[in-house]
Amino acid sequence: MSEQSEARSGAEVAAHVELEWALAIGLIVALLLAIITFTTIRWSTMPPSRVEVVDPAKLHQSGEFVESNLGTGVDQSNRVIVHLLAEQYSFNPHCLVVPDGVSVTFRATSADVVHGFLILGTNVNSMLIPGYVSTFVMTLNGVGERAMPCHEFCGVGHAAMWAKVKVVPLVEFETLMREKRRVSCV
Ligand code: CUA
């Protein structure tokens, strides 16, 4: 009799302990899922490089991405800077001029949906996200033309969204820059 009740209480204790462990593990799993969900949503909405924001609705009115400021220019500290704007379904300008063997800063954004910025044969590969400025520095070596396709699906015209980059000798670039504040090969 007493042996039976001892056995039953032993089973009850075991069931109780198991329930406690199940609850503890359930809480740990829930916490990990919450962390994964939060970080996924938080970081998947961030651009790949550093975060710099811009109002995509006002790009055409003011700021560095107005029509007259697009293309390649040289700033006060003699840095070569390219300003590029992506829109369904074209890049503006759709032909970029950069000097051969010189460090170039690219600053680009999108006016509508997510586009891709890729220069074939180089490490230039970035997303262009409305509301964010994608910035990177790259030196293109070797005179010639390189294709620049949009590589993020952006709508029905995606496959036709192409541009090109013309790498020219530095002397030729300097001559072009003497004539205009912003250059392109459009
Ligand atoms: Cu723009 Cu695909």
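Author: Start with the scale: buried means under 20% relative accessible area, exposed means over 50%, and partly exposed lies in between (1.4 Å probe, protein chains only). The model is predicted, so local features need pLDDT of at least 70, side-chain atom pairs count only at pLDDT 80 or more, and totals for chains, interfaces and linings use all residues. Numbering starts from 1 along each chain as its sequence is written, and side-chain values use heavy atoms, without hydrogens or water.

Now the core. The largest nonpolar core holds 29 residues. Such a core is a set of buried Ala, Val, Leu, Ile, Met, Phe, Trp, Tyr and Cys residues joined through side-chain atoms within 4.5 Å. Phe 91, Val 98, Phe 106, Phe 117, Ile 119, Met 148 and Val 165 have the most contacts inside this core. Two or more residues each come from strands S2 (80-87), S4 (95-99), S5 (103-110), S8 (134-139) and S10 (162-168), and from helix H2 (170-179). These are DSSP runs numbered from the N terminus (helices: H or I, at least four residues; strands: E, at least two).

Take Phe 106. Leaving out residues up to four places away in sequence, Phe 106 touches Val 82, Leu 96, Val 98, Phe 117, Ile 119, Ser 134, Thr 135, Phe 136 and Met 138. Here a contact is heavy atoms within 4.5 Å. Another core, of 6 residues, lies apart from the largest one. Leu 59, Phe 65, Leu 85 and Ala 111 are among its members.

Next, the cysteines. The structure has 1 disulfide, defined as two cysteine sulfur atoms within 2.5 Å. Cys 95 and Cys 185 form the pair, with 1.8 Å from S to S. The link is left-handed, at -90° about the S-S bond. Cys 95 sits in strand S4, while Cys 185 sits in the segment after H2, so distant parts of the chain, 90 residues apart, are joined.

Now the charged pairs. The whole structure has 5 salt bridges, each a side-chain nitrogen of Lys or Arg within 4 Å of a carboxyl oxygen of Asp or Glu. Lys 164 pairs with Glu 145, their closest N and O atoms 3.6 Å apart. Lys 164 is in strand S10 and Glu 145 in strand S9 (residues 144-149), so this bridge ties together parts 19 residues apart in sequence. Lys 164 is partly exposed, at 34%. Glu 145 is exposed, at 51%. Asp 55 meets Lys 58 at 3.4 Å, N to O. Both are partly exposed: Asp 55 at 37%, Lys 58 at 45%. Arg 79 pairs with Asp 75 at 3.1 Å, and Arg 79 is partly exposed at 42%. Glu 52, Glu 64 and Arg 107 are linked in a salt-bridge network.

Val 29 lies in helix H1 (residues 2-44). At 43% relative accessibility, Val 29 counts as partly exposed. Val 29 also belongs to a nonpolar surface patch of about 680 Å², together with Val 13, Val 17, Trp 21, Ile 25, Leu 33 and Ile 36.  Patch residues have over 30% relative accessible area and no salt bridge; nonpolar side chains (Val, Leu, Ile, Met, Phe, Trp, Tyr) are joined within 5 Å, like charges within 9 Å. Areas come from the Shrake-Rupley method with a 1.4 Å probe; for residues, only the protein chains shown count as cover.
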